[in-house]
Amino acid sequence: MPEDKKMRDTKFKNSYELRQKPCFKDGSCQTCHCETGKGLPQGDLNIYPPLVDSDWTTGDKERTIKIVLHGMHGKIVRNGKTYGPPTTSPMIPYAGLYSDAEVAAALNFVLNTWGSKADEITVADVKPVRAATKVRKLFWKPEDLSKGEITA
Ligand code: HEC
């Protein structure tokens, strides 16, 4: 749970609580990243990466929004383990499944649970990223995202 101060902000609280829909229904974030946010690292077969304590998840709003909208597939190293093809399936794209509010809510939840703390993501953050990457039809590769610009 985020600290009380954050939850006293009604806008943040509403967005965080909307998680019930995007994050805790079948086929959603917890299916792969798990209820604990720790993902599924298993020996050499690292199947799903953790969302806890990841530089990527707390570092850059735009990048995490892009990942949720269009998915990602490629090699990443998290907490000393390597994820990516062939043992890791892709992170699926949610652009066609979630509204801007649901994308924001899913991220507010995963980025503020399990001990992580991140700035609030709002509809106003998601909207321009969705518009700028509207034509994108493929998963991101991690190297596309490290460049940082908002383009498809
Ligand atoms: C089908 C399984 C699956 C589902 C469902 C899923 N993810 Fe992922 N996610 C992945 C995989 C696999 C990766 C890493 C892909 C790679 O590196 O090739 C990933 C990566 C990520 C990353 C980047 C992590 C990092 O450290 O770079 C974020 C953020 C993320 N997912 C958020 C979410 C959110 C939010 C949801 C729900 C809206 C979600 N994921 C649902 C499988 C999933």
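What percentage of the 152 residues in the protein chain is buried? I looked this up before anything else, in a model that is predicted. Buried residues come to 29% of the 152.

**Entry 1: overall architecture.** I recorded the secondary structure of the protein chain as 9 helices and 4 strands. Following the sequence, I read the order of elements as α-α-α-α-β-β-α-α-β-β-α-α-α. I then turned to the contacts in the protein chain with a separation of 6 or more: 63% of them are made by residues 24 or more positions apart.

**Entry 2: Ile47.** I located Ile47 in strand β2, which covers residues 45-48. Is Ile47 buried, partly exposed or exposed? I noted 13 C-beta neighbours inside 10 Å, and Ile47 therefore counts as partly exposed; the cut-off for a buried residue is 20 or more. I also looked up the separation of Ile47 from His33, which is 14 residues away along the chain. The C-alpha atoms of the two residues are 9.4 Å apart.

**Entry 3: a cis peptide bond.** Which residues does a cis peptide bond join? I found Pro85 and Pro86, with omega at about 5 degrees. I placed Pro86 in the loop that runs between β4 (81-83) and α7 (100-110).

**Entry 4: α7 against α8.** I next examined the packing of α7 with helix α8, residues 123-132. The two helices pack at an angle of about 120 degrees, and their axes are 8 Å apart. I recorded the crossing of α7 and α8 as right-handed. On the α7 side, the contact involves Asp100, Ala101, Val103 and Ala104. These meet Val123, Asp125, Val126, Lys127 and Arg130 of α8. I sorted the residues of this contact into 5 nonpolar and 4 charged, with no polar residue.

**Entry 5: α6 against α8.** How far apart are the axes of α6 and α8? I read a distance of 10 Å for helix α6 (residues 61-70) and α8, with a packing angle of about 60 degrees. The crossing of α6 and α8 is right-handed. From α6, I listed Lys61, Glu62, Ile65, Lys66 and Leu69, which meet Asp125, Val126, Val129 and Arg130 in α8. I counted 4 nonpolar and 5 charged residues in the contact of α6 with α8, and no polar ones.

Entry 6: I finally compared the two lists.

Methods
Residues numbered from 1 in each chain as written. Predicted model: local features only at pLDDT ≥ 70, side-chain atom pairs only at ≥ 80, totals over all residues. Buried ≥ 20, exposed ≤ 12 C-beta atoms within 10 Å, placed from the backbone. Axes fitted to C-alpha atoms, helices over the stretch in contact; angles between N-to-C directions. Left-handed = near helix turned anticlockwise from the far one by under 90°. Contact = placed C-beta atoms within 7 Å. Nonpolar A, V, L, I, M, F, W, Y, C, P; charged D, E, K, R; others polar.
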